[in-house]
Amino acid sequence: MQAWDPMSETNERAPRALPPDDAWRAALHDEVHARPSARIRLPALVVFVAVLNEGVTREDECAHLQRLPGHADLTPEALSGHFLRLRFADHTLKWERHTEFTRYALVQPLPEGAELGAQQPALMPGLRIPPEWWQSIPGRTVAAVQLVMVNHPIDDPHAALELGQRWFGGRTVVASLMGNGAAGRGHSIAVTNFRLRDDGFERMLVIAPPGTSETRAGRISQRLLELEIYRLMALRGLPVAKALGPVLAEAERRLADVTARLETRGVSEDALLDDLIHVAARIERANAEHSYRFSATEAYDALVRQRITELRETPIPGTQTLGEFMQRRLSPAMATVASSARRLASLSQRIERASALLRTRVDIATETQNQQLLAKLTRGQDLQLSLQTTVEGLSIAAISYYVVSLLLYGGKALKSLGLPINPEMAAGALIPVVLWGVWKATQRVHAKLHGHSH
């Protein structure tokens, strides 16, 4: 018998030695490879555009990608994996679809005149994909970045930063020495001013030393671009929180009023319930409309913090780092969103407690009404019993009268036949007997009725 050789090529074609795969195994396993970073040869220009894809289908995006030269035969099935990279002669375009947005990233050689030493160079004329194609991307723009990556020594970070600041036209910038390179030095410098230009783009500049590998350049660009898109997506919760503030304040005021009125006995439960339902409906509507936005903001903020950590920034004296600049401006916004989310959740809980109190009050009022109704029924039954007793007494008298009358007539009939009898005296003497007999008959009827009821 031949021994099993773990290095043998024939082992790759051997029968499976595993149970059947879970339906999600392959997809979950390959998720780690779903969005690989690009390989970028410096110097390069990366044009990044992210659009909100609400109401935009994959078919719409596929139709737009088909407008690129050489890709008219692209099918929607090619976009089913949420990631696609289209290759051209000297540039690539990467398409990625996420839950809320779709992003497009063009990687191409750096246009002439845009290298380090230029001042606010024009980048749009040198794009491999014309501006008309970018303008007609389906969706609404949420982020647009022109990232220029160049080679230049960074042994003297201050000198490199001065060149970067001149590239931005001498304006104030924020910059970081990123990574932990040899001798404790970073592997690149990132420079930006986080400002939108007239063409709708913001710009970033990365200065990396000669010899920077293509894979490292790709990872740098991916971290910086993801940092910006996640920052902007996190901030989408801020306008929602600000708009919700007055609604929450009004709901808190009305809920406090309802709670205060709960202590007053004279206020009707119907009025309290109506006001409480109105407040609860507004809060539940706000929860339904904005809970996802607040949860998404929290998730995006966590990604921003993670990407900042991955940059491994070292400050250049005299300049704010990207992470410091971003956190100082992002943290108050995230605190506002978190505060609104907590207020919304707290209001829901307070409404639930107020509803429980009102329900208890209604239950007590209902129980009191039931007791009063039961007391009325009891009194009615007593009156009915008294009336029934009276009626029974009258019935006994009436029946006895008719029986005595019959006996009287019978006595008169016997007297007419010649019997020596006084009908009136006999009838009078039999009255007690008749009364007793009728009363006993009534008692027997009661006994039979009670026996059937039990």
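Predicted model: local features only at pLDDT ≥ 70, side-chain atom pairs only at ≥ 80, totals over all residues.
Residues are numbered from 1 along each chain as its sequence is written, and side-chain values use heavy atoms, with hydrogens and water left out.

**Exercise 1. Work out the strand order of the open sheet and find the strands at its edges.**

Step 1: Helices (H or I, at least four residues) and strands (E, at least two) are DSSP runs, numbered from the N terminus. Two strands pair if DSSP finds at least two bridges between them.

Step 2: read across the sheet. Its nine strands go E2-E3-E4-E1-E5-E8-E7-E6-E9, with mixed pairing.

Step 3: look at the ends. E2 and E9 (313-314) each have a single partner strand, so one side of each is left without a neighbour in the sheet.

**Exercise 2. Decide whether Ser176 is buried or exposed, and list what surrounds it.**

Step 1: check the area. Buried means under 20% relative accessible area, exposed over 50%, partly exposed in between (1.4 Å probe, protein chains only). Ser176 has 0%, so this residue is buried.

Step 2: collect contacts (heavy atoms within 4.5 Å). Leaving aside neighbours within four places in sequence, Ser176 touches residues including Ser188, Ala190, Thr314 and Leu322.

Step 3: zoom in on Leu322. Its backbone nitrogen lies 2.9 Å from a polar atom of the Ser176 side chain.

**Exercise 3. Say how H5 packs against H7.**

Step 1: two packed helices are described by the angle between their axes and the distance between the axes. Axes are lines fitted to C-alpha atoms, for helices over the stretch in contact, and angles run from 0 to 180 degrees between N-to-C directions.

Step 2: the axes of H5 and H7 (residues 269-311) come within 8 Å and cross at roughly 155°.

Step 3: angles over 145 degrees count as roughly antiparallel, under 35 as roughly parallel, 65 to 115 as roughly perpendicular and the rest as oblique. H5 and H7 are therefore roughly antiparallel.

Conventions. Polar contact = N/O pair within 3.5 Å; in protein donor to acceptor, adjacent residues only side chain to side chain.
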